[in-house]
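Subject: Structure for you to look at

Hello,

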Amino acid sequence: MNHRTLLASLVAALLVAAAFVAPTARAGQAGKTVTVGSKNFTEQLIVGQIVAALLEHAGYQVDRKLNLGGTAVVHQALVSGDVDVYVEYTGTGLTALLKLPAQTDPDKVYETVKREYESRFKATWLSPWGFNNTYALAMRADRAQALGVKTIADLEGKAQDLTFGGTQEFITRPDGLPGIEKTYGLKFKQARGMDFGIMYQAVASGQVDVASAFATDGRIAALNLVTLEDNKRFFPPYYAAPVVRQEVLQRDPKIAEVLNTLAGKIDDDTMRRLNAQVDQEKKEPADVARAFLKERGYIN
């Protein structure tokens, strides 16, 4: 074999080797597998899949632990290290997890949860993605009109004759029904805890008169419901942002760069549209997440 042939053979061998090594090296930049968690409702499944797809596109190995349960369950999974990252809401972090008084200024709420999470939980809040999934109270449009109810305060003198429906979490959380009743001086005739999946249908069908709702839920308009104005500004802002264990970011700071590409990029209307695709059009959360990211040019 002459030198030219030998050189060509070596080059070919190196190219073949590179073809096998490159994907491994790309994945290697992620270090260990990143475990992505989520709570157990539609929006959380979608944003969990968005986090996972972004990380996979960047070359990371991802373990999905979605639909884990309520806030306390997923938060504990993060603190214990069973989950590396999940999307949380600033108002939830402030009141339900840190047990701090509600605030109305979005920037101050974010600064507070970011500081306290790093101190108490060894976790870092990344940049908010833009949408504010604040809690709301919803009624059927015709029922609200008949009762002359447009604001939560309008329920005064009427709540004692009305049945309230909400998730078990909302019925017990300080930023949920107990706080609403205390702030507005209300007491509902009955409070029924129910699964998130049937909550909107329950109020739309008249099984309950008033229900807790999420502002970015596409079913509000689809089921001809209205949300009541929170005229005393009880509910704090609930801006969504990824929360990551500090140990993970110290190991690989690029994770923050990847997830911060969506900072301020998803508004309330966009999130409602994505939620509606799952709840109304019956699409899979993973498909909705990937279609959104492809449409916006974040993944191929």
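The largest pocket has a lining of 18 residues, and the ones nearest its centre are Asn40, Phe41, Thr167, Glu169 and Phe214. Please bear in mind that this is a predicted model. The volume of the largest pocket comes to about 310 Å³. Sorted by class, its lining holds seven nonpolar residues, seven polar ones and four charged ones.

The second largest pocket has a volume of about 200 Å³. Its lining is made up of 14 residues, with Thr42, Phe196, Gly197, Arg219 and Asp279 nearest the centre. By class, five of the lining residues are nonpolar, six are polar and three are charged. Three helices each supply at least two residues of this lining: α2 (42-57), α9 (196-204) and α13 (268-279). Of the elements that contribute, α9 gives the most, with three residues.

Now to the rings. How many aromatic pairs does a search of the whole structure find? The search gives 14. One of them joins Tyr117 and Phe121 in an edge-to-face arrangement, with 5.0 Å from centre to centre and 80° between the planes. Tyr117 and Phe121 are both buried.

Another pair is formed by Phe196 and Phe214 and is tilted, at 5.5 Å centre to centre with 45° between the planes. This pair links distant parts of the chain: Phe196 sits in helix α9 and Phe214 in strand β8 (residues 210-214), 18 residues apart.

Are Phe196 and Phe214 buried or exposed? The cut-off for buried is a relative accessible area under 20%. Phe196 has a relative accessible area of 11%, so Phe196 is buried. Phe214 is also at 11% relative accessibility and therefore counts as buried.

Finally, ring pairs link a set of residues into a cluster: Phe41, Tyr135, Phe164, Phe170, Phe188, Phe196, Tyr200, Phe214, Phe234, Phe235 and Tyr238.

Regards

Notes: Residues are numbered from 1 along each chain as its sequence is written. This is a predicted model: local features need pLDDT of at least 70, side-chain atom pairs count only at pLDDT 80 or more; totals for chains, interfaces and linings use all residues. Side-chain values use heavy atoms; hydrogens and water are left out. On a 1 Å grid over the protein atoms alone, a cavity is a set of points where a 1.4 Å probe fits but cannot get out, and a pocket is an open set with protein on both sides within 12 Å along at least five of seven lines; lining residues have an atom within 4 Å of a point. Grid points are joined across faces, edges and corners, and a volume is the space filled by probe spheres set on the points. Ala, Val, Leu, Ile, Met, Phe, Trp, Tyr, Cys and Pro count as nonpolar, Asp, Glu, Lys and Arg as charged, and the others, Gly among them, as polar. Helices (H or I, at least four residues) and strands (E, at least two) are DSSP runs, numbered from the N terminus. Rings of Phe, Tyr and Trp (its six-membered ring) pair if their centres lie within 6.5 Å; planes under 30 degrees apart count as stacked, over 60 as edge-to-face and the rest as tilted. Buried means under 20% relative accessible area, exposed over 50%, partly exposed in between (1.4 Å probe, protein chains only).
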